[in-house]
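Here are a few questions to work through together, with the model open beside you. Take your time with each one before reading on.

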Amino acid sequence: MASPINGYRPGRFGRTAWEWLVLGCTVVALGGWGAWSSYLEHTRISAYEQRRLETQIRILDDRLAAQLASLAGALDGVRDAPEIFDRSDAGALTSRRLRALRRLVPGVQTLALVDTQGVTRAATEPELVGRSVAEQPFFTEARDHAREPDALRVLRLPAGSVPGIGEGAAVVRTLSNSGDFNGVAFGVLGDKSLQDMLGSIIYASDMRLTLATGDGRVLASAAGSRGDVAAAAVAPADRLEARYQVHVGPLRIDQPLFVVAERSRSAIDAPRRGRAIALFTVYLCTSLACAAGLSLSQRRRRERELSHRLDLEERRTEAERLDFILAGGSIGLWDWDVAARRIDFNGRWHDMLGLRIGDIGAGPDDWLSLVHPDDLPELRAAIARHWESDVSVHETEYRVRHRDGSWIWLLDRGKVLQRDGQGAPLRIVGAHMDVTSHKRADEALRRSEARFRALTELSSDWYWELDAQHRFAHFEGYSDTEIGMPREDNIGLTRWDLGALNMTDADWSRHRAVLDAHEVFQDLELQRLDTQGNVYWVSISGAPFFDAEGHFGGYRGIGRSITERKRVEDEIERLAFYDALTGLPNRRLLLDRLTAALARCRERSLRGALLFIDLDNFKDLNDTMGHDVGDTLLERVANRIVTCGRPGDMVARLGGDEFVVMLEGLPGDEQAAEDAVRGVAEHVLEVLNHPYLLEGYQHHSTPSVGIALFDGDLRSVDDLLKRADLAMYQAKAAGRNTLCFFHPDMQEAVTARSALEADLRNAIAHDELLLYFQPVVDHHNRLMGAEVLLRWRHPVRGMVMPGDFIALAEQTGLILALGNWVLETACRQLVDWAEHADTRDLSLAVNVSARQFRQVDFVETVLSVLERTGARPDRLKIELTESLLLNDVEDIIAKMSALKAHGVGFSLDDFGTGYSSLSYLKRLPLDQLKIDQSFVRDVLTDPNDAAIVNTILALARSLDLGVVAEGVETEGQLDFLRQGGCTAFQGYFFSRPAPPQEMLARWSVRGPVESVAGG
């Protein structure tokens, strides 16, 4: 149950509830009556405003009907105008009549007559005469309803629709004679006149009047002072509207006219809402005041009912508090009557010792018998000092035996209450407090401190303390020999007084800010010099400590020597970021520095450059003199390159014989930057061209240098290295021992080459390769065979000729796959031809690259293809180039002989353009020589070419070899070759290369229906 102080008592709650119920019902009743009254007033105001709007519209009805009647009369006054239009002065006369009529009809802006073609023949405004209105709606509607001449048409005339006429309402009368359309007479009521008429009955700022036709077209609008016409429109839900049809009397109008008046309900209701809000505010304040008064009255009543109980409750609470203090604090009370030699102890004292009342006598000796013998002398001395001195309270601690035999610690506090005339104590009172737990905690703390001190002495870490001013106050475990500075030199100094080699003033300021903010800090690394001048490192971590009142007392923490760790880290960093051979930064550190350099270029709009240096023919040195000599050269090269750079430039070794120099801070102008880099690069070339003394031998080494400039626009370090690498390879391609700047065309060429290589790798799998055949004919123009020519039908590039991809295939090794495909496809074609009598004797000549021919298994590959396809070996002829004969002729002869033994023929292609030796020529098992087309082309005009061709023909006859003349394009060339004894020909004179079926069709030779050469 709650305390009576809280104000709750059973049986009293009903009265309070009834009081609040009566007040609530009264407030609700008054609120309901006020809301109903406000609703009735709202209904009355809306009905009144509706009637008022309708009354105002009726006032406007008469004015508008009179205006229309006057205008209709004016238009009727000129209905005979078409009859006089043929007169020369009819237009001027009619215009004067119209101006006279306009003066008689107020509010009319314009009167005009229009003929049947829509041309204005007369008008109150001279600039309208002669102007066409044939496209205006008022004219077209009047013309379309010519059989209703007596009906007026009223419609809106927008601003600018008829030049010279302002915005307004057009009233149109059709001119007709016996149903024939004779034109139109119209007048324009100006917007201002209509708005003034409508505005004359507006009595409220939110009121809006609209004159509209029966089909909803608005002729004019007017609004109150709140804003313009458009702004006066209100939402349908908030609109109070009255609509009235205009009575035009005997006039005939094509459709009725309506006047619509509307107001905003919220504006109409605004005064009532103001009164309602004011009354509601009064009602709410009154209700709250009544509630507050009732609450205050009830509170005072409860206070009066409880006031007489407060004293009793307070006394009981104090008694419970005192008992709680004594029980929670383990305090026992004692009273010592010195004269009677009697000590009385309360029950709590007996409980502390586990005794029952009566277990111990009342004499002082009985009490002293429980005290530990070691503590008894100190206790007696403390009591004696208190008796003999003026100290108000004595306090001492000693051990007392518990009933279970254990010893507990008591804090004894006593005071002399009464003395005799000589000052001897007569009565002493005091208290005993059990402090055993505190003593145990103190003992545990002492043992912990001893353990900490011992561990600190054994550990490499040491303990330190700072006072509140951040000065060193204490050290524990500090080793002078390890740190190199006596601890006494640190006491009383701050950490920044001692200083550190790696800390700037800004660093110390940040550290002081951390200390002033009383924040924990960890692993503060400091580099210092000991008394011998040797560098050592320490790592410091600390945390603030505070006293019991929360006042800052200083910092305490640990420190440790990290000199050895730093030495190991430096060695690891050297191995991780520096080249072990040259000591230069390696690729990893270079990439980090390049990333930072690019960022600086972007921030400061600077330029830089990268020099990519590669030693020419370094592999030859390694192969001939060994890698140890090569390493020596690399060290010498590194040392020379370092001397070429400017202060701040970075020299790195990427690996192998590749070095990089990074230049920063170049001029912003591109040409000036290029000139500066060129000077450094030329210096590198000059220095590295000096001879080296290696193992007693003088060695000459040259570099190729690629240069790539960079600025803030370049985003990728990899792209920068690629550019410099491309430029370096371009320098090698230019003859080595030179420098070359990167140009975007290099990247485009590499990209195009890579794309072409990727497409070429897929060409065989995607069935994009095909063979074209160029016929070889004899001196009677009979088909002897054909030379196989490769074509690539690229899905995007179209037909790609061999000259565009064979060189790439040679470089990438794809020539092997291409050559095998060509060889096998040609053999399959021979098999197809062998099935027909008129093609079975045709032969095919297949070009074989030098790389393919040098393959160890070339002979086995050719024989395997012949066996797999079933082609006749004697119908296959392999064409070799003279460049093949430059190396290992014996191996070439062996392979040719092996295939020759199986019937395969050989032809030496492009004879006379290479490096073949006559001594090798007589040893090679050749069947045929092919005269290169470069000799045949000018055989009729160049005596030298003619002599060479005759010599080749004579040589072939002497060696018993066949001859095929390539590139025959004219009949004159053919006749010359025939006269020289040539018996086989090939060239555009006979046929261009074509698919096999097309080639056979040109020579009237029937072939197979489909050709495998088509891919």
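Q: At what angle do helix 26 and helix 27 pack?
A: This is a predicted model, so the geometry here is computed from predicted coordinates. Helix 26 covers residues 858-869 and helix 27 covers residues 889-900, with their axes 10 Å apart. The angle between the two is about 20°.

Q: Are helix 26 and helix 27 roughly parallel or roughly antiparallel to each other?
A: Their packing angle is about 20°, and angles under 35 degrees count as roughly parallel. The crossing of the pair is right-handed. Helix 26 and helix 27 are therefore roughly parallel.

Q: Which residues in helix 27 do Phe858, Val859, Val862 and Leu863 meet?
A: Those four belong to helix 26. The contact of helix 26 with helix 27 comprises six nonpolar residues, one charged and no polar. On the helix 27 side, the partners are Lys895, Ala898 and Leu899.

Q: How far apart are the end C-alpha atoms of helix 7?
A: Helix 7 runs over residues 270-307, which makes 38 residues. At 1.5 Å a residue, it should span 56 Å. The distance between its end C-alpha atoms agrees with that, at 55 Å.

How values were computed
Residues numbered from 1 in each chain as written. Predicted model: local features only at pLDDT ≥ 70, side-chain atom pairs only at ≥ 80, totals over all residues. Heavy atoms only, no water. Axes fitted to C-alpha atoms, helices over the stretch in contact; angles between N-to-C directions. Parallel < 35°, antiparallel > 145°, perpendicular 65-115°, else oblique. Left-handed = near helix turned anticlockwise from the far one by under 90°. Contact = heavy atoms within 4.5 Å. Nonpolar A, V, L, I, M, F, W, Y, C, P; charged D, E, K, R; others polar. Expected span 1.5 Å × (residues − 1).
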